[in-house]
Amino acid sequence: MLKSLKHTCLAATAVISAFTSIYVAAEEKLVVYTARKEHLVKPLFDLYTKQTGVKIDYITDSAGPLITRLQAEGKNTPADLLITVDAGNLWQAQDKGVLQPVKSETLEQNIPAHLRDPNNNWFGLSVRARTMVYATDRVKPAELSTYANLADKKWDGRLCLRTSKKVYNQSLVATIIERLGKEKTEQVVKGWVNNLAAPVFSNDTMAMEAVAAGQCDVTVVNTYYYGRLLKEKPDTKLKLFWANQKTTGTHVNVSGAGVTKYAKHKAAAVKFLEWLSTPTAQKIFADANMEYPASSSVKPAKLVASWGEFKADQLNVEIAGRKQAEAIKLMDRAGYK
Amino acid sequence: MTHHRFWFWLVCAVAIIVLLPITNLIISWSNFQTDIWLHLIETQLGQLLSNTFWLIFGVSIGVTGLGVGLAWLTAMCEFPGRRWLDWALMLPFAVPAYVMAFVFLGIFEFSGPIQTQLREWFGPGSYFPAIRSTGGVITVLSLVFYPYVYMLARSAFISQGRGLMDAARILGLTPWQAFFKVTLPMARPAIAAGLALALMETLADFGAVATFNYDTFTTAIYKAWYGFFNLQAAAQLATLLLLFVALAVFIEKNARGRARYNQDSQHLFHRYQLTGLLGIAASLFACLVVLIAFIIPITQLIIWVIKTGLTDVDNRFLSLVGHSLSLGAIAAVTTVTIALLLAIAQKQPNQRWLPKMINISTLGYALPGSVLAVGIMMGFSWLDNHIFAAWFNWMGEEPRQVLLGSLLALIVAYGIRFLAVAFGPVDSSLYNIKPSITEAARSLGANSKRIILHIYLPMMTPGVLTGALLVFVDVLKEMPATLLMRPFGWDTLAVRVYEMTSEGEWARAALPALTLVIVGLLPVILLMRRSNKY
């Protein structure tokens with residue numbers, strides 16, 4: 001009796017499966033949730049599949065929803081790997097318990113210590129520098145120095161910024177808090193707000209275009225946005241300035257990945273992660289978006305290299321996550337929208 | 001099972017499914033986020049509330065003014081170009097708010113072509129109103145949401161015919177008095193329904209306000225979620241938003257009161273001839289709206305597409321189109337079927353409490369797509385993790401996901417979100433069936449089943465079609481819920497637009513955005529052709 005019931009149920013399951021997402025566990029397969037955009041990761045997935053035969057399924061979304069989805073799915077999650085941008089997001093993923101530590105000599109060797117989680121929950125795969133862009137016809141490079149200096153009165157009505165809602169700015173302010181302390185940082189952020197020439201922009205590109213059009217003289221962006229602008233308008237009168245060279249170094253962040261806590265294909269996920277840290281993959285990963293490779297043995301693309309070498313802040317990027325909430329609150333208090 | 005029971009359980013089932021995500025949001029209050037709330041109250045809450053208030057206020061005026069004014073012009077008057085302006089005015093409905101927002105910024109920002117040209121002509125000091133302002137956001141949202149009011153008001157005016165207006169005139173009212181005292185009040189339920197949809201869209205909008213960096217209640221929800229990673233606080237904010245909406249729906253229903261607007265729509269009527277300057281003014285006004293709300297944005301998109309070339313057109317792109325179309329179609333059919341059942345349930349005798357439950361079932365429209373999707377996701381993951389996990393354990397298999405990440409879950413999400421859109425036209429087409437028809441059928445011995453199949457359904461076809469097309473276009477445009485809940489490989493055009501705009505790559509977002517608009521045009525034109533047949 002019970003057995004026939006079970007058979008009926010089996011049949012029912014098959015019918016349900018036909019209409020739902022039932023995900024069939026296969027050996028040669030990986031499932032990736034990625035906040036890095038499809039056109040930046042797909043070439044890598046395709047190459048890996050070609051080389052190893054491992055098929056990669058993926059969905060893209062912002063980090064917040066992806067982490068929430070991982071939390072909700074719990075043990076049932078089909079995801080093996082989470083790829084996202086910004087250490088702030090990676091830290092949050094680990095803090096919400098959706099990642100697991102990975103012990104891998106390859107990764108430890110290829111990825112410098114300050115670009116990965118001290119507990120090996122996630123690993124930076126490309127480095128993104130956030131620094132200043134200025135109008136060459138209105139600003140002398142000698143006028144520029146540190147992020148904090150942009151709060152100086154001399155920049156009154158000459159500064160453009162992107163919204164504080166973007167994690168890139170939250171991470172930048174988080175590291176400034178770590179370096180300068182809370183009080184000093186709040187003064188700095190207030191100074192920025194006072195110096196704004198226009199309401200804050202919703203993305204880096206708009207902020208740079210405002211500088212180019214003469215609405216303001218200087219802004220702060222991730223360098224690859226500057227790279228995109230250069231490709232589109234090679235004769236632009238904008239230039240990069242490496243911030244904090246005489247002090248702690250330019251603020252850098254990472255895009256990176258971690259193996260999910262309940263990964264069904266853990267070994268395969270680790271293998272893929274390790275592959276992403278190898279020179280071939282590193283080159284593609286960084287070049288796709290004009291970023292810097294995380295592995296120091298790999299050279300950046302020609303255009304990126306042409307912006308010159310710079311001293312990068314050696315602070316472990318996880319600070320961006322640990323102080324994220326504090327940074328947001330501070331920016332809110334300072335009136336930075 | 002008796003009839004009453006059947007309808008009762010049906011409505012209950014729908015309400016429960018809709019309430020599932022909302023309950024999840026309400027449960028969030030069990031863990032009050034004092035820290036975040038104190039911070040919000042201290043820093044931003046005042047600004048958020050006033051911003052949201054002005055947005056609602058401005059968009060109400062904008063969509064009512066544009067929608068009713070244009071509807072009256074095209075329905076009641078004859079002027080040069082009326083025939084094509086009639087449906088051209090509906091075209092902006094196919095443009096998603098987030099697309100309109102980034103196109104407008106691209107054109108009107110300080111660094112955009114217009115202001116650059118002005119500076120070239122008049123020097124660097126030339127004044128131009130700031131586009132990233134309350135006024136700018138209101139303009140953009142009014143331009144994309146006025147078609148809701150326009151469409152509903154227009155068919156209300158047409159079905160009224162001119163007879164009433166003429167009667168009012170004969171009784172001594174001036175044309176304006178007749179319009180305000182007779183025509184407008186008669187069309188009030190339709191206008192209110194359109195306005196309610198437009199305002200719910202406004203409250204739920206995230207894409208447009210985020211592009212403008214204009215802080216509203218919705219952006220605060222996202223900030224709590226993406227910035228503080230505090231889903232509880234986000235959910236608590238979302239329930240407050242829901243409270244506002246429930247209040248608005250309640251007020252609207254009460255204001256409508258017992259107003260019935262079933263009318264003989266068979267009046268043969270001739271339109272007022274607007275001649276000379278008046279005709280040209282009417283024509284210019286309507287043209288201007290079409291120009292700003294449709295032609296200019298589309299032209300900008302086309303320019304961007306040409307600039308970036310057609311490099312992104314490949315098989316993958318075609319599959320995006322295919323996915324968008326099929327999701328839209330499946331969701332339209334299921335959602336309208338449910339709306340139809342609800343509407344019929346409401347018409348059953350002795351079901352006084354049903355309208356209230358149905359009101360609850362249409363609340364989903366006002367929730368930001370992401371918030372709603374999170375609620376659904378949590379509900380489904382609970383089922384997956386408990387019910388289905390137990391099932392699989394009993395079967396001796398490894399537990400896996402059944403609902404989450406399935407097509408079914410996504411369709412349910414669309415259904416919950418867009419039930420209000422489908423229910424409006426379906427319900428009002430049923431509303432327009434005079435009670436006397438039902439009574440006559442009953443007195444001739446027809447039972448409920450026969451009445452539904454042979455009287456209601458044929459008479460409701462236009463409304464059902466309208467509902468289906470509206471849902472179809474809305475699903476095409478829908479972004480956050482699709483992003484969060486789509487199964488592997490089910491990327492849509494909206495997903496592609498998101499990927500590009502989130503990086504500020506507007507030129508590359510233009511191709512999927514333009515395709516989205518074009519795909520959405522066909523149903524919109526169908527809609528207008530159909531409504532002309534009144």
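**Chatting through the two chains**

Student: Starting with Asp57(A): does that one count as buried or exposed?

Tutor: Asp57(A) counts as buried, at 16% relative accessibility. Keep in mind that this is a predicted model.

Student: OK. Which residue does Asp57(A) form a salt bridge with?

Tutor: The partner is Lys29(A), and the closest N and O atoms of the pair are 3.3 Å apart.

Student: And what does that pair tie together?

Tutor: Lys29(A) lies in strand S1 (residues 29–34) of chain A, while Asp57(A) lies in strand S2 (residues 55–60) of chain A, so the bridge ties together parts that are 28 residues apart in sequence.

Student: Is Lys29(A) buried or exposed?

Tutor: Buried, with a relative accessible area of 13%.

Student: How many salt bridges does the structure hold over all chains?

Tutor: The count over all chains is 38.

Student: And how many does the rule find across the interface of chain A and chain B?

Tutor: The rule finds 9 salt bridges there. It also finds 27 residue pairs in polar contact across that interface.

Student: Which part of chain A gives the largest share of the side that touches chain B?

Tutor: Helix H1 (residues 2–19) of chain A does, with 9 residues. The residues on that side of chain A divide into 29 nonpolar, 19 polar and 17 charged.

Student: How much area is buried between the two chains?

Tutor: About 5700 Å², and carbon and sulfur atoms give 56% of that. In residues, 65 of chain A are in contact with 61 of chain B.

Student: Can we zoom in on a bridge between the chains? What does Arg228(A) meet?

Tutor: The side chain of Arg228(A) meets that of Glu503(B) in a salt bridge, at 3.0 Å from N to O. The pair crosses from helix H9 (residues 223–232) of chain A to the loop between helix H21 (493–501) and helix H22 (506–531) of chain B. Arg228(A) and Glu503(B) are both buried.

Student: Which lysine does Glu503(B) meet in a salt bridge?

Tutor: Lys37(A), at 4.0 Å from N to O.

Student: And which residues are linked in a network of salt bridges?

Tutor: Glu38(A), Arg316(B), Arg486(B), Asp491(B) and Arg496(B) are linked that way.

Student: Switching topic: how many residues are in the largest nonpolar core?

Tutor: There are 279, and those touching the most other members include Leu81(A), Phe272(A), Phe102(B) and Leu301(B). Helix H7 (residues 134–160) of chain B gives the most to this core, with 17 residues.

Student: What does Leu301(B) touch?

Tutor: Leaving out residues up to four places away in sequence, Leu301(B) touches Val99(B), Phe102(B), Val103(B), Ala510(B), Ala513(B) and Leu514(B).

Student: What lies apart from that core?

Tutor: Another core, of 27 residues, lies apart from it; among them are Leu144(A), Trp192(A), Val200(A) and Tyr336(A).

Methods
Residues are numbered from 1 along each chain as its sequence is written. Chains are lettered from A and ligands numbered from 1 in the order in which they are written. This is a predicted model: local features need pLDDT of at least 70, side-chain atom pairs count only at pLDDT 80 or more; totals for chains, interfaces and linings use all residues. Side-chain values use heavy atoms; hydrogens and water are left out. Contact means heavy atoms within 4.5 Å. Buried area is the accessible area (1.4 Å probe) that two parts lose on being put together, summed over both. A polar contact is a pair of N or O atoms within 3.5 Å; within protein, one must be able to donate a hydrogen and the other to accept it, and residues adjacent in sequence count only if both atoms are side-chain atoms. Helices (H or I, at least four residues) and strands (E, at least two) are DSSP runs, numbered from the N terminus. Ala, Val, Leu, Ile, Met, Phe, Trp, Tyr, Cys and Pro count as nonpolar, Asp, Glu, Lys and Arg as charged, and the others, Gly among them, as polar. A nonpolar core is a set of buried Ala, Val, Leu, Ile, Met, Phe, Trp, Tyr and Cys residues joined through side-chain atoms within 4.5 Å. Buried means under 20% relative accessible area, exposed over 50%, partly exposed in between (1.4 Å probe, protein chains only).
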